[in-house]
Amino acid sequence: MNALRLALLACLLASPAGATRLYVTNEKSNDITVIDSDTLAVTQTVKAGRRPRGVGVSPDGKLLYVCASDEDGVQVFDTTSMKLLRTLSSGPDPEQFVMNAAGDLLYIANEDNAQVTVLDVKKNQVVANVPVGVEPEGMTLSPDGSVLVNTSETTNMAHFIDAKTFARIDNVLVDKRPRYALFTPDGSKLWVSSEVGGTVSVIDAKTRQILKKLRFDVPGLTREEVQPVGMRVTADGKTVFVALGPANRVAVVDAETFEIRKYILVGQRVWHMALTPDEKYLFTANGNSNDVTVIDVAALKAIKSIPVGQAPLGVAASPN
Amino acid sequence: MPGLSALRRFGRALALASLALGYVAAAAAEPPLKVEIAFVAHARAPSPPYVIDPPPPGEGFDGARLALQENATTGAFLNQIFDLQNVELGEDENPVEAIKPLLAQGKKLFVSALPANETLALADALKAEGALLFNAGATDDFLRGAGCRSNLFHTAPSRAMLTDALFQYLAVRRWNKILLVPGPNAEDAAYADAVRASAKKFGAKIVAEKPWTFGPLARARSDAITQAEALTFSRGVDADMVVVADEAEDFGDYILYRTSEPRLVAGTQGLIPVSWHPTHTAYGAEQLQNRFVRMTKRRMRPIDYQAWIAVRAIGEAVTELRAADPQKIANTLQGPNSTLAIFKGAAASFRPWDRQLRQAILLAQPKSLVGLAPQPGFLHQRSTLDTLGVDETESACKPGKS
């Protein structure tokens, strides 16, 4: 969610730095854990719809969007009161989404019906349904907002879609079960993680050719235990963090040389991650140990684990 | 052979062209690559009414059909068309004869759910034509051992894989004392052999064996005299578990709650090791379960799943190769970097020494998933999935052997 994250950064720079709040979706306890980034403590647990997964904050920080996958809707919470405002009709089994910089359109991967749903959040109206491959999952928008990318887990492709006309620009085959896609901040490259293939493909955003395939040979682990899922990139575009699932580690990758600088041990079955806007901390949602690991980004060290709900999957940061 | 041609049906051919999905292939100038697959199985005779969960019509083929749709969706982006033909055999019909017209048409990719002897005969007939067979039905270990064929792949787990999965779980629970109850059929004897081998491999002790000699009680309920014998046959055996070998499902369900001492039941009934089960929803499996239910209005069964894997494996190889040559597909699938996403966590792949798909095995009771093997702690230098079934060094399938 680059466009969104950048918007959050802009927001932060314009106002005095305050504590960031992290929102963690817990798939099995059907709630959202709110964490304060100053105290690194849980401040609140809020009931959500069934099977909350994808999560994101509006560019102005006022609204929290959560995919309630088993209720076929996207829930909207007021971040100040943490009250549920409404539920948007997303299409069946929404899993991940990305929001445009203006904060009026959600692009949602509906895992169960092989399409991306574009939703006008103010009107609660579906603007378009874009057919993609089987089991769409990863969603991202280029930093300039012009290109939408979706990954389909069973078709094994990254679909490049024109964000205005919704015409497909290209389809790039990657390794098995692509789960997450991420543009570098300059928009020049797209990173795609393949959970079952065990790789990350770095794709040239212009030519749509694969520039590099990263493998993660974690000492002491078999190949099958390394299952890349969530990713985050620092604002300077120099470092990408890759969550390695049941390998229980986050890989720190130099985004220019593709060298893997470090593996940071986190909780069990790490899914998705969020950087605080000041990039002081990286939070990881660990699905099997029911906690969140806090990584000190400067030191590249795990400094704390915070118990959350059951089966945490998604995590998003807010600027206020 | 009366009624042979009447019984044979080349039914429900699917041709999912790219246009049908609303996509226009990018390079329209080039003719699309056509990938033709045939599914071969016997039509099921209707089950008697007392069978609560009878095999549905279309078992196996429906899994292949779902996989074909998935292949076709990917193919639509790559200018590839997938086609699936259903070869439904009559009870006494010979599959080798039935597929001759397909071979004459140049079809080279076959998936079957047939008994072991027919699987082997079909593989041999196909080999002469350079065609491949994916066995999605037979669990017999000899098909992966002395009877292996270079053009025969197995997406069905072997009995050894199934019983190894069960005995890993029993080892973790330390339920080591086993009463083995083999049924009267040849398949039961083969299952019991696999149970004995797994018990030895994972340190369990078969403290007694009591062959089931009381007839198919669970299906014919009113036989009071044999019932009394059946209630006492296991008396005095000091066992943690009763492991039943009853592939025909005639008596295994009858034993639980009817033994003289309280005993758990596992094997072909009770706690069962299976490739697929409705209770399995982790690792994205829910998506596959939902897709299948939506298409067929019924739950996906192991043979559906195994046929689904076979057609997906072909599709994945074609995607990678941009070609449908059977030899190339065989080489790709046996290659060291070939992986398949089969919704059970660790990536599946074919063992190059016997072309058996390495895959996790579920341990399930009717309404609850109990576990997944390999169980934590069972290690292997290559892949933990190779703790299930016959390993390379023990395999009777030798390279170069047809």
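**Close-ups of a two-chain predicted model**

**View 1. Chain A as a whole.** Chain A holds one helix and 28 strands (helices are DSSP runs of H or I with at least four residues, strands are E runs of at least two, both numbered from the N terminus). Its radius of gyration is 18 Å, close to the 20 Å that the globule rule gives for 320 residues, so chain A is as compact as a globular protein of that length (radius taken over C-alpha atoms; the rule is 2.2 Å times the number of residues to the power 0.38). Along the principal axes, the C-alpha atoms fill a box of roughly 45 × 45 × 35 Å. Of the 320 residues, 57% count as buried (20 or more other C-beta atoms within 10 Å of its own; exposed is 12 or fewer, partly exposed is in between, with C-beta atoms placed from the backbone).

This is a predicted model, where local features need pLDDT of at least 70 and side-chain atom pairs count only at pLDDT 80 or more, while totals for chains, interfaces and linings use all residues. Residues are numbered from 1 along each chain as its sequence is written, with chains lettered from A and ligands numbered from 1 in the order in which they are written.

**View 2. Where chain B meets chain A.** Here 15 residues of chain B are in contact with 19 residues of chain A (C-beta atoms, placed from the backbone, within 7 Å). On the chain B side, α2 (61-78) and α10 (285-296) each supply at least two residues, and α2(B) gives the most, with four. That side divides into four nonpolar, ten polar and one charged (Ala, Val, Leu, Ile, Met, Phe, Trp, Tyr, Cys and Pro are nonpolar; Asp, Glu, Lys and Arg are charged; the others, Gly among them, are polar).

**View 3. One face of helix α12 in chain B.** In α12 (residues 326-334), B:P326, B:I329 and B:L333 are buried. Seen down the axis of α12(B), the buried residues fall within an arc of 60 degrees, so they line one face of the helix (the arc is that of the directions from the helix axis to the C-beta atoms). They pack against β4 (109-113), β5 (132-135), β6 (152-154), α11 (302-321) and β12 (349-350) of chain B.

View 4. Most residues other than glycine have a negative phi, and most peptide bonds are trans. A:R51, in the loop between β3 (41-47) and β4 (52-57) of chain A, has phi near 55 degrees and is buried. B:Y257 has a positive phi of about 75 degrees, but is exposed, with 9 other C-beta atoms within 10 Å. The peptide bond from B:A373 to B:P374 is cis, with omega near 5 degrees.

How values were computed
Contact = placed C-beta atoms within 7 Å.
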